[in-house]
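Here is a friendly note to go with your first look at this structure. Please keep the view open as you read the points below.

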Amino acid sequence: MDNNTQLWYNIYRIMSIEQTAIERIESDVWYPEKGALLVHERQGCETWSATPGNAEISRKQDETGVLAWAALLDPRLRPPFANNEHDSYVEGLYEFVELVYLSREANRAAKNFDSYNQKLYQVVDTDPSLCLEDKLAKAEAGNAHPIEILALIDGLGMGSAELAKLTHIWGYRLEYLKRMREQVNEAIQDRLGVVYDEPITKYGIIGINNSTHNGNNRLNAIAMKRKTLVGQVDDTAIYERTTFIVRIDKKSHIDREVASYVKSIDVDNTAELIKRIIQDGRLVDEAIRLVAKNDLESVVPMSTTIFGRNDVNLGLLETRRQADKLQVKRYNDAMSPELQQLCIKSRLGAVAIPLTQSPIDFQASV
């Protein structure tokens with residue numbers, strides 16, 4: 001999905017009942033049975049442990065991802081509207097859920113890996129009494145506690161990092177969400193931070209199903225995200241981001257007038273379509289209403305991630321990146337035309353030793 005099409009809903013709203021609990025309220029809607037999905041997490045990790053900071057370790061320890069796929073792929077665990085053996089099946093919806101899951105999972109993991117690779121300080125440069133080496137090893141393996149990851153953001157000068165993550169496709173494993181939030185809140189308070197009693201939330205659209213299924217209706221579902229500022233530890237802001245799918249097909253419980261309006265927008269440009277839906281505002285209102293009712297048939301849960309973001313560190317990292325970029329340009333500009341041509345022909349876009357400096361001088365300058 002094109003990141004350029006992401007637009008935020010700029011009206012702030014208080015989080016729904018989901019902030020405190022997930023309970024089955026509506027008896028006439030589908031809800032996953034507890035225990036239907038076996039729980040077998042990475043050794044030493046919580047159900048909601050953050051993505052490992054080391055990409056290689058992450059690939060080897062992706063058992064939680066396998067669990068998510070089990071819920072996604074096994075027809076016995078899918079809700080009726082995603083199973084073609086049932087009358088309530090909505091054609092094309094399952095494929096859209098799969099696309100959103102894959103794209104968000106890859107994007108989230110890549111950002112987390114970058115955060116561990118791009119930091120202001122190395123462990124050897126820090127105070128040994130902080131025990132950052134042990135904390136970093138646990139974070140790279142994916143079994144660090146949120147309070148340990150907060151210490152790494154501060155001590156190593158990281159721009160951001162996941163604190164906790166829960167994949168809950170179709171609603172499986174949603175029962176863990178309350179405890180995950182509590183653990184993060186405890187970590188914030190233990191670091192002498194503040195947890196906001198009335199967190200404000202904003203909504204955005206991240207993707208639209210443009211299929212022509214279900215009676216040639218142009219739109220069947222819209223992928224959305226909800227981002228909430230839940231607390232603050234010094235310069236690190238703590239956010240919760242949830243991804244979910246809002247169904248607007250005829251079999252969902254969304255207000256039909258709102259669904260008709262969204263379907264009636266006659267534009268080919270996705271960014272313009274998203275802009276109009278957000279400006280209208282009623283789809284967000286419906287999403288809030290359906291989430292408050294725990295209607296997992298009309299709003300399909302995907303995942304929830306809690307992360308810390310330190311804008312001061314991000315600014316310093318960007319300053320360093322620009323300085324490194326300028327240094328590379330200066331070295332390349334100092335090359336002779338002949339050496340520049342050699343680099344171009346060899347496709348060596350890297351820094352080369354300028355002819356105006358000896359190798360010894362060059363080493364000293366770095």
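Which residues line the second largest cavity?

1. **The lining.** Arg104, Asn107, Arg108, Lys111, Arg241, Thr243, Ser303 and Thr305 line the second largest cavity. The elements giving two or more residues to this lining are α3 (93-117), β7 (236-247) and β8 (299-310), and α3 gives the most, with 4 residues. Helices (H or I, at least four residues) and strands (E, at least two) are DSSP runs, numbered from the N terminus. By class, the lining has 4 polar, 4 charged and no nonpolar residues; here Ala, Val, Leu, Ile, Met, Phe, Trp, Tyr, Cys and Pro count as nonpolar, Asp, Glu, Lys and Arg as charged, and the others, Gly among them, as polar.

2. **The space itself.** The second largest cavity holds about 70 Å³, and the count comes to 5 cavities of 30 Å³ or more. A cavity is a set of points on a 1 Å grid over the protein atoms alone where a 1.4 Å probe fits but cannot get out, and its lining residues have an atom within 4 Å of a point. Grid points are joined across faces, edges and corners, and the volume is the space filled by probe spheres set on the points.

3. **What kind of model this is.** This is a predicted model, in which local features need pLDDT of at least 70 and side-chain atom pairs count only at pLDDT 80 or more, while totals for chains, interfaces and linings use all residues. Residues are numbered from 1 along each chain as its sequence is written, and side-chain values use heavy atoms, with hydrogens and water left out.

4. **Confidence.** The chain averages a pLDDT (the predictor's confidence in each residue, from 0 to 100) of 80, and 76% of the residues score at least 70. Please read residues 212-217 with care: pLDDT stays under 50 there, and the model has 10 contacts for them beyond four places in sequence. Contact means heavy atoms within 4.5 Å. Over residues 348-366 the pLDDT is also below 50, with 27 contacts beyond near neighbours in sequence.

5. **The whole chain.** There are 13 helices and 8 strands. Of the 366 residues, 49% are buried, where buried means under 20% relative accessible area, exposed over 50%, and partly exposed in between (1.4 Å probe, protein chains only).

6. **The cores.** The largest nonpolar core has 31 residues, and Tyr116, Leu152, Leu163 and Ile238 have the most contacts inside it. Such a core is a set of buried Ala, Val, Leu, Ile, Met, Phe, Trp, Tyr and Cys residues joined through side-chain atoms within 4.5 Å. At least two of its residues come from each of α4 (132-141), α5 (146-156), β3 (160-167), α6 (177-190) and β6 (221-233). A second, separate core of 25 residues includes Ile208, Met224, Ile248 and Ala287.

7. **Helix α5.** In α5, 9 of the 11 residues are buried, among them Glu148, Leu152 and Gly155. Glycine 157 follows α5, with a positive phi near 65°.

8. **Residues to look at.** Cysteine 131, in the loop between α3 and α4, has a positive phi near 55°; the residue counts as partly exposed because its relative accessible area is 38%. Leucine 192 also has a positive phi, near 65°, and is exposed at 79% relative accessibility. Glutamate 133 belongs to α4 and has its C-alpha atom 9.3 Å from that of leucine 152.

Key
1 Å grid on protein atoms, 1.4 Å probe; cavity = no way out; pocket = protein on both sides within 12 Å on 5 of 7 lines; lining within 4 Å.
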